[in-house]
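Dear colleague,

Please find below the structure that I am handing over to you. My notes on it follow directly after.

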Amino acid sequence: ARKTLTPPEVWIFFSAAVLLITALFGIEADGIKRWVAIGPVLIQPGIILVPLMSLLFAGRPGRLSGIAICIAALALALQPDSATAAVLAAATIGILLHRRDLNTLICAAVTVFSFCIALFRPDNLPAIEFVEGVYRAAVASGILSSLLVALGTAILLVPAFCIRVLPKHLALLPFVFGVVWFTFVLAALFGNYPTPLMGYGSSSIVGYFLCLYAFPIAYSKKKL
């Protein structure tokens, strides 16, 4: 019988395709292709779609999903986007800690390999004010600004604590959510990368709420 795709698998493949298209045909700056244009607005598909993909892969661990994760990882290496590649690698490693199977192991290996490629490719883009470097700017502005940014980061990670109230078979989702957004926070803290929710970058805001949307569909059994 012909294999049918579930909604999570469709979303994962769609996201991987968008990331690959971005790497090949996206808006270029100093040899880096991380952006696509929607009218006058530039968006960064990686920070929008990788959180979604990570949660959906946590709930839909099949071979087709694994192939899409590997495609996405290689696309991030091509762009290159070392921060988002680190997020995808951290997510797959986190999933591997909970689900020790060959498919997840291969995905973890590919995502780590792709992160290493992206990390060592040139990336000298300057920080965009109010979008990137927000943590460093807050510390330079004083204690109050630092406390407000710290509070915002804590609120950002609140959904990860759902792990304490969800059934055991659903606990992987909030864990992966926490891994994804904590890794984004580290990337924004140590490099020139959009600061999730605290910065003005629309891509990180859309990515965050799309990631929240993934919770109810990650374990969907409905077929298309």
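The model is predicted. In helix α6, which spans residues 134–141, the buried residues are Val-134, Tyr-135 and Ala-138. These three lie on the same side of α6, because the arc they cover around the axis is only 100 degrees. In general, an α-helix has 3.6 residues a turn, so residues three or four places apart point the same way. The exposed residues Val-139 and Ala-140 sit on the face of α6 that is turned away from its buried side. The cover over the buried residues of α6 includes α7 (143–156) and α8 (172–190). Just after α6 comes Gly-142, with a positive phi of about 130 degrees.

I turn next to the core. The largest nonpolar core has 53 residues, and those that touch the most other members are Leu-55, Val-176, Phe-177 and Trp-181. If neighbours within four places in sequence are left aside, the contacts of Trp-181 include Ile-47, Pro-51, Leu-156, Leu-157, Pro-196 and Tyr-208.

Finally, the strands. Strand β1 (residues 27–29) pairs with strand β2 (residues 32–38) in the antiparallel sense, over 3 bridges, and Ile-27 stands opposite Trp-35 in β2. The hairpin of β1 and β2 has 2 residues between the strands, and Asp-30 takes a positive phi near 55 degrees there. Strand β2 is also joined by 3 bridges to strand β3 (residues 41–43), and the two run antiparallel. Here Ala-37 stands opposite Leu-42 in β3. In the hairpin of β2 and β3, with 2 residues between the strands, Gly-39 has a positive phi near 65 degrees.

With kind regards

Definitions and conventions:
Residues numbered from 1 in each chain as written. Predicted model: local features only at pLDDT ≥ 70, side-chain atom pairs only at ≥ 80, totals over all residues. Heavy atoms only, no water. Buried < 20%, exposed > 50% of the residue type's maximum accessible area, 1.4 Å probe, protein only. Helix = DSSP H or I, 4+ residues; strand = E, 2+ residues; numbered from the N terminus. Arc of directions from axis to C-beta. Contact = heavy atoms within 4.5 Å. Core = buried A, V, L, I, M, F, W, Y, C linked by side-chain atoms within 4.5 Å. Pairing = 2+ DSSP bridges.
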